[in-house]
Amino acid sequence: MQKHTILWADDEIDLLKPHIIFLESKGYTIIPVFDGNEAIEQCTNPDIDVLFLDENMPGITGLETLEKVKQLRPTLPVVMITKSDEERIMEEAIGSKIADYLLKPINPTQILISIKKILDNKRLVTEKTNLSYQQDFRNITMAFNDNLDFNEWCDVYKKLVFWELALENSDDAGMTEVLDNQKTEANGLFARYIENNYEDWLNNANINRPLMSHQLFKKKVLPIVAENECTFFILMDNLRFDQWRVLQPIIEEFYTVLEESMFYSILPTTTAYARNAIFAGMMPSEIEKNHPNLWVNDDDEEGQNLHEEELLALQLKKNKADYKFSYHKIVNINQGKAIVEQYNNLLQNKLNVLVYNFVDMLSHARTDMNMIRELASTEPAYRSITKSWFEHSPLFDLLKNLSAKKVKVIFATDHGTVFVRRPHKIVGDKESTNDNLRYKQGKNLSFDEKGVYFTRKPERLFLPKRNLSTTYVFCVEDKFFAYPNNFNYYANYYKNTFQHGGISLEEMIIPYIVTEPK
């Protein structure tokens, strides 16, 4: 166990001798000083781990000492000890980022708890987290042996995300590896579950099935819009559940979460298919059939998400919810700032839909740009960048403004993304060579049928069928497609990147959140 050194500044330090002896018996080294000036001089010693500081000392006060110490050692934990419970002193000390605040008379147990909270917090939390995960590991693994339904798969995924975030700062690489292996196993079993059930969900209205992309607006969003004068629906493209979890505490400073639920993205788990399905309230083949002028195929040069506003208008009209609404797609910071500047005008609308593309662009940039690869080299780093973007984004500014106006906000996404590691060979003609690495479609596809999900009857999955022999193939788990030409180059280039379009817990099970201002 590492030996820690505590600097203790108090003009009555002699009276604290029993406390000092107690701490020394616990293995701590104590350096006692009698005033603030001595404390300032001593705190430059790099061996000092914590400063215990009496607030009421003759000469330079504890608060004055605290200010100078923070200038010299900004990260040194300081515990303020005082006889006064005056609120002003307490607020000033807390505002100076103290580690703890104790009121005299103090007892040895108080001091020890404060020290452990500061110095041993990470170790104690890690040990407790590891133990708790080991216990839950068995429960999760046993659940794999059950015949899980779609709701239970949501619960399993939520548990895995919980432990992933809990273990994120752990120094125990072995435990993180255990969790990673369990996620891999879960995704393999989930892929099998989707292969066995997905087609039935779409074709059999009499079975129990999850809420899916094309049902989201009608079943979840419109009832809330009907009840409120103004509602904002914010779709953050490519936002996974774990990313929502890191944004949630920031949002909850201003909003109360009324509902947190999950729904399933349709296949392919891409913007062109899943997001169009959300706004149209229809599956892709239904959009193509009913509104051919608004559907764009993979091999067309036109952008595939240029008609979302028209599709949304048609869905509102179909559901007799022909409200005054706005639709905005934000792909850069200036567009985000423009929304903040005009948000008062948007309050006149019954519904305002905002699509934010940052997270999706981040995942693609991570693939294409070495700098972003370095910044988001791991799952925790990817979450961290998402959080940093949000905290400094116009979207967060907008949410604070909407909170002040008491406007209800709904958050959702169209699909998630998965960290890919293993290439899977596929051969196709020019019509099959779409850019997506997690799904391919075409008439002359050649691939190993083991380890992928495929259909030669796209109509059963309500997907557009370009010709009689069109096949759709989806990657599962952490795989990605690579063509035989320059296979090794592309296999290495795309390995350890974030991709979407296929089948995984991260891509398919996605969050839907309803909030109201505090």
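Helices here are DSSP runs of H or I with at least four residues, strands are runs of E with at least two, and both are numbered from the N terminus. I need that for the opening residue, N238, which lies in the loop between β6 (231–236) and α10 (241–251). One caution before going on: this is a predicted model.

Back to N238. Its phi is near 75°, a positive value in a residue other than glycine. For background, most residues other than glycine have a negative phi, and most peptide bonds are trans.

On peptide bonds, there are two cis cases to show you. K104 and P105 are joined by a cis bond, with omega near 0°. P105 belongs to the loop between β5 (100–103) and α5. The other cis bond runs from L267 to P268, and there omega is about -10°. P268 is in the loop between β7 (255–264) and α11 (271–280).

Now helix packing. Two packed helices are described by the angle between their axes and the distance between the axes.

The crossing of α1 and α5 is right-handed. Which residues make the contact? From α1 we have H19, F22 and L23, and from α5 we have P108, I111, L112 and I115. By class, the contact of α1 with α5 has six nonpolar residues, one polar and no charged.

The other pair is α14 (residues 333–341) with α19 (residues 394–404), packed at an angle of about 10° with axes 8 Å apart. Angles under 35 degrees count as roughly parallel, so α14 is roughly parallel to α19. On the α14 side the contact uses I333, G336, K337, I339 and V340, and on the α19 side P394, D397, L398 and N401. Five of the residues in the contact of α14 with α19 are nonpolar, two are polar and two are charged.

How many cavities of 30 Å³ or more does the structure hold? There are three. The largest cavity has a volume of about 130 Å³. Its lining consists of D180, K183, T184, N187, E379, V418, F419, R421, E477, D478 and E506. Two elements, α8 and β11 (418–420), each give two or more residues to the lining of the largest cavity. The largest share, four residues, comes from α8. By class, the lining of the largest cavity has seven charged residues, two polar and two nonpolar.

Next, the second largest pocket, which holds about 270 Å³ of space. This pocket is lined by 14 residues, and E164, T176, D180, E379 and P380 lie nearest its centre. The elements giving two or more residues to the lining of the second largest pocket are α8 (173–203) and α18 (379–391). Which of them gives the most? That is α8, with four residues. The lining of the second largest pocket has seven charged, four nonpolar and three polar residues.

To tie those last two together: D180 and E379 are among the residues nearest the centre of the second largest pocket, and D180 and E379 also line the largest cavity.

Definitions and conventions: Residues are numbered from 1 along each chain as its sequence is written. This is a predicted model: local features need pLDDT of at least 70, side-chain atom pairs count only at pLDDT 80 or more; totals for chains, interfaces and linings use all residues. Side-chain values use heavy atoms; hydrogens and water are left out. On a 1 Å grid over the protein atoms alone, a cavity is a set of points where a 1.4 Å probe fits but cannot get out, and a pocket is an open set with protein on both sides within 12 Å along at least five of seven lines; lining residues have an atom within 4 Å of a point. Grid points are joined across faces, edges and corners, and a volume is the space filled by probe spheres set on the points. Ala, Val, Leu, Ile, Met, Phe, Trp, Tyr, Cys and Pro count as nonpolar, Asp, Glu, Lys and Arg as charged, and the others, Gly among them, as polar. Axes are lines fitted to C-alpha atoms, for helices over the stretch in contact, and angles run from 0 to 180 degrees between N-to-C directions. Angles under 35 degrees count as roughly parallel, over 145 as roughly antiparallel, 65 to 115 as roughly perpendicular and the rest as oblique. Contact means heavy atoms within 4.5 Å. A crossing is left-handed if the near helix is turned anticlockwise from the far one by less than a right angle, and right-handed if clockwise.
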